[in-house]
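Subject: Structure handover

Hi,

Here is the structure I promised to pass on to you. Please have a look, and then read on for my notes.

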Amino acid sequence: MVWAPETADTPLRVLRRLESGPRGLVTADAEARLLDHGENVVPSRLPPTWSRRLLRSLRDPFTLVLLGLGLVSALIASWATAGVIVVLVLVSCLLRSNGEHRADRSTAALRKLVATTTTVRRRATKDAEPEEREIPADQLVPGDVIKLGPGDLVPADARLLRANGLTVHQAQLTGESAPVAKRALDLPEGDEHLLWQGSSVASGSALAVVTATGAATRFAGAYAVPPSGSRPGPLPGARPGSRRGSRPGSRLSRRAGARLPRGRAGRRTSAFDRSVYGLSWVLVRGMLVIPPVALVANAVLRGKGLEAAPFAVAVAVGLTPEMLPVVVTTVLARGAALLARRGVIVKRLSALPDMGAIDILCMDKTGTLTRDRPVLSGSVGPGGRPDPEPLRWAAVNGLVTLHLTDPPAPDPLDEAILAGAPEQLGEVEGLDAVPFDPLTRVSRALVRDGDDVVVVVKGAVEAVLERCATGERERRRATATAAALARSGARVLAVARGPASLQPRLDEAGERGLTLVGFVTLADEPSPDAAAALALLARRGVKVKILTGDHPGTAARICRELGLEAGEVADAAGLTAAGAERATVIARCTPEQKARVVRALRAAGHTVGFLGDGVNDLPAMRAADVGICPRSAVDVTREAADVVLAGKDLSAIGQAVVVGRRSSGNIVTYLRIALSSNLGNVIAMLVAGLALPFLPMLPVQVLAQNLCFDAAQLALAFERPGPAVLRRPFRLRRQAVLRFIAGFGLVNAGVDLVTFAVLTRVHGVLDESAFHTGWLVENVLTQAAIMLLLRPVARVSRPLGLATGALAAAGLLLPLSPLAPALGLVALPVTSLLWLLLVLVLYAGVLVALTTRTRRKA
């Protein structure tokens, strides 16, 4: 059978070929098709296998440098050094892969709690009436009939059966930045009647039949990388009869549509990612510089050539924080798991430190500071006198919009208006309707009122007045009336009507010259928990800004009722970057203006979070460092968010901020301890290597010491940072970390040099093996002390106590263990150990004094 291109198919032909109908599939048939086609999941989004994750961990810059140093060691026949480096790399990669696997598994389980759902029509039996139900998007099959509304993600490729004012965003597939109008044409030309997976509904509503799912969609063809050994995904321009998809032999999978050009999916790079990346490359450069410097210095001053190469390699390895990826993954996974128990789902782990760095939180007031359900409070004419006519026509607009567009969820404003409207609205017949569009800021309805065809427009005051044929005097009077109502704290909707042509279709160009009927006012009740949550955020150093489309007076009243200092109330039109920083309330914001405010705040150096739940919040959410939404948000917003709340509870954001700061604090603590200790040892080894007639420590000893220290440092992932970290926004500042490392690294190097003096002068230890043993023991003990004393709090957790105790025991017992001969260690006399312990006590005293001073400054 020859399959004609979809662009020539009527809805009826598409339904017949998919063996479906407007009433949807029978549930049993849908389940059979799901077994045939598989889940509606893009192959590239499947989690990587454990082996692939292990190979991916080898691309870490530290791992690559270590492998390079191991190769150099093998080329100069330093097999012990090469062997220990390989062990370090394997341990680091295995721990990291295991941690990422567990984190991905936990994140996947959490994502299922906020998985995208779709409204689908299905029937229990062939003769039963269809029922509309919400099902996970991955359970869709070809032939399903789905309903879409503003903010919904298009879950699969589909053919429109009905559309009302439908526009969709499909930039990631076609590059069109503006929303594209779609129509359910019976005899289509072009692709106006087609919807593609990966796009989202900007406005309007639709009924559509699914034509392709999973790997057979255009989105998969444009972005997915086919798994090894499988058939390639659909290519751009492929004919609908192509046997390409997740189930190539399936009868219905051969009925997919044509493909789109390939593109690139964007990925948000967080401030935390950038800080870690920058710090990592500073260390990598140091690791690459140290071996040549050590070789040249030994050749010039000591007359040593390549025989010093293993020592130079070991010194470079000594600077490497091998456990950095492991510690970061463990810390973030623990933080995400802790928040999950509190109903907060972190979809992107690196967003957790960014939550801790937030100093400005932007949000709309509706549904966050106020309850979801507004209440009708009045209906007035253009002059401000009570008048039932505006309420009647607003109810007609809402009722016709609700019936004709059949949105997945009714508009809360329409529900409030209909709840308070009179029972009799007159003899009106709905002909056409376009639901509220955040771009035009109005909803439109075409009705037959007796013998007349009337256009009824309801929405924002400015947008409605633009469509009215009023004189300048009447316009100023109406604007003043609306402003007075808004200053009293009401939400104001304008209502206008006017004659239309007998053609039963809406035409925006013809919606001019209307007559203003009046205004409908609604009241927003403050959320009972919002005031306490705002106070908590203020104590945490997070400033809240309200970005709303409402009148400034309406937003300011809510702020006052919640105890939030409104400060300067600005209008979004003509707002400057400086004004965005000063203002607490920014009113009359369009979606793009919200995004511009967020970008301006970020450009000023702030870390910005945005809390939203509607499609109009999407641009600002994408512009923010962290996008936050409640679980009840529309699909496209929930998909774009980094953090999803169980409900519209601002206190949950405060909890996420605290956990984010704890995570960042633990990571910074690890970096300070690991790198200051490593830097001190490297400086001391370079100095001693030039001053002593023998190497201060054998390469295998350096690496064995690193292995013990690295294993103990994993306990830092379970620490609880001090109150100074939680009081204000906490960022990983690369320069501050480097200054700390340099300062305490020099202190550590000084203690090592004192240890050399004790071993060579005071106690007279000249034996090479005894010197190596004494310094290794002292190094391990000082590393245990650093782990206890270089933290921002004095309290020691149980994991850290056990880890440092094990590290100190390893340092003392290694010279007595069976590994001692292989490591070149010997047993030390008791007097040598006593001298070393004295140096350790003095070092601990210096650390206590310095850290106490640092904590006081914090």
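In what follows, helices (H or I, at least four residues) and strands (E, at least two) are DSSP runs, numbered from the N terminus. This is a predicted model, in which local features need pLDDT of at least 70 and side-chain atom pairs count only at pLDDT 80 or more, while totals for chains, interfaces and linings use all residues. Residues are numbered from 1 along each chain as its sequence is written, and side-chain values use heavy atoms, with hydrogens and water left out.

Let me begin with Glu568. This residue sits in the loop that runs between helix H17 (552-561) and strand S18 (569-571). Its relative accessible area is 36%, so Glu568 counts as partly exposed (buried is under 20%, exposed over 50%, and partly exposed in between, with a 1.4 Å probe and protein chains only). Leaving aside residues up to four places away in sequence, Glu568 touches Arg582, Ala583, Thr584 and Val585, where a contact means heavy atoms within 4.5 Å. Ala583 is 15 residues from Glu568 along the chain, yet their C-alpha atoms are separated by 4.8 Å.

Next, the aromatic rings. Searching the whole structure gives three aromatic pairs (rings of Phe, Tyr and Trp, the last by its six-membered ring, with centres within 6.5 Å; planes under 30 degrees apart are stacked, over 60 edge-to-face, and the rest tilted). Phe756 and Phe771 form a tilted pair, because their ring centres are 5.5 Å apart and their planes are at 35°. Since Phe756 belongs to helix H25 (residues 734-762) and Phe771 to helix H26 (residues 768-789), this pair ties together parts that are 15 residues apart in sequence. Phe756 also pairs edge-to-face with Trp775, at 4.6 Å centre to centre and 75° between the planes. That pair links helix H25 with helix H26 as well, across 19 residues. Phe756 and Phe771 are both buried, and Trp775 is buried too. Ring pairs join Phe756, Phe771 and Trp775 into a cluster.

Two charges over rings are also worth a look. Lys182 lies over the face of Trp196, 4.6 Å from the ring centre, and Arg672 lies over the face of Phe740, at 4.6 Å from the ring centre. For this, NZ of Lys or CZ of Arg must be within 6 Å of the ring centre and within 35 degrees of the ring normal.

Finally, the overall picture. The protein has 29 helices and 22 strands, and 54% of its 858 residues are buried.

Best wishes
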